[in-house]
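Reader: I'm new to protein structures and would like to learn how to read one. Could you walk me through it?

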Amino acid sequence: MFNVSKSIILVALEDELPKKYLPSWNILYTGVGKINASYYASKAIFDFKPETIINFGTAGSIRENLSGLHEVSIFKQRDMDAESLGFALGETPFDKTSTINNNRKGLSCGTGDSFVESKPKLLTDLVDMEAYALAKICRLSGVKFICYKYISDSANSDASNDWNENLKKGALAFSKLMNNVI
């Protein structure tokens, strides 16, 4: 399914996926947020010329009873709000690429530069801080983008504690999946 030598896994933090879990894969840590993700995705594409970028990370769930590892295929910017200018919530003004759909079976994710502890205005299945930026850079660069998120919390007042407790579970679930696809 994936050519390991022509793929890069992008992860925000090493705590989310320590290299020891997937030693044969190219893993690049981007840091948190859309700007950091954009920079490192662009750098990875320029330096390594990958066929595929795989994003793994943790995410908060907006839907009830959603847990575990999931593929994500629809990406939106949950903090893009130009409604006062007549644009829809999540729509970037004067940009044709507001919602990104990979046309794969998966959940939707709203990306923003804030850690979510209550239901956001733009509803998606999940919330994170990097996936939309990575999906857009890959789309604009012609690189295949695949995304997996581990549900670490319920995007509520307990989110920060739950996130810390579930980091290792996410790394184990994702590494098991990736070790089975090569």
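This is a predicted model: local features need pLDDT of at least 70, side-chain atom pairs count only at pLDDT 80 or more; totals for chains, interfaces and linings use all residues.

Reader: Thanks! Is glutamate 91 buried, exposed or partly exposed?

Author: Its relative accessibility is 28%, so glutamate 91 counts as partly exposed. You will find glutamate 91 in the loop between strand 4 and strand 5 (100-101). Leaving out residues up to four places away in sequence, glutamate 91 touches Met80 and Ser98. Glutamate 91 and methionine 80 are eleven residues apart in sequence, and their C-alpha atoms are 6.4 Å apart in space.

Reader: Now a strand, please. Which way do the residues of strand 1 point?

Author: In a regular strand the side chains alternate between the two faces of the sheet. Here, Ser7, Ile9 and Val11 point one way from strand 1, while Ile8 and Leu10 point the other way. Strand 1 is mostly covered, with five of its five residues buried.

Reader: What does strand 1 run parallel to?

Author: Strand 1 runs parallel to strand 3, and four bridges join them. Look for isoleucine 8 opposite isoleucine 53 in strand 3. Strand 1 is also parallel to strand 2 (residues 26-29), again through four bridges. There, valine 11 stands opposite tyrosine 29.

Reader: Which residues touch the most other members of the largest nonpolar core?

Author: In soluble globular proteins, nonpolar side chains tend to be buried together. In this model, the largest nonpolar core has 26 residues, and Leu10, Ile53, Phe75, Leu126 and Phe145 touch the most other members. Strand 1, helix 1 (34-48) and strand 3 are among the elements that each supply at least two residues of this core. Helix 2 gives the most, with seven residues. Once residues up to four places away in sequence are set aside, the contacts of phenylalanine 75 include Ile100, Cys109, Phe145 and Cys147. A second, separate core of 18 residues includes Ile9, Leu17, Ile146 and Val181.

Reader: I see cysteines there. How many disulfides does the structure hold?

Author: A disulfide is a covalent bond between the sulfur atoms of two cysteines. This structure holds zero disulfides.

Conventions:
Residues are numbered from 1 along each chain as its sequence is written. Side-chain values use heavy atoms; hydrogens and water are left out. A nonpolar core is a set of buried Ala, Val, Leu, Ile, Met, Phe, Trp, Tyr and Cys residues joined through side-chain atoms within 4.5 Å. Buried means under 20% relative accessible area, exposed over 50%, partly exposed in between (1.4 Å probe, protein chains only). Contact means heavy atoms within 4.5 Å. A disulfide is a pair of cysteine sulfur atoms within 2.5 Å. Two strands pair if DSSP finds at least two bridges between them.
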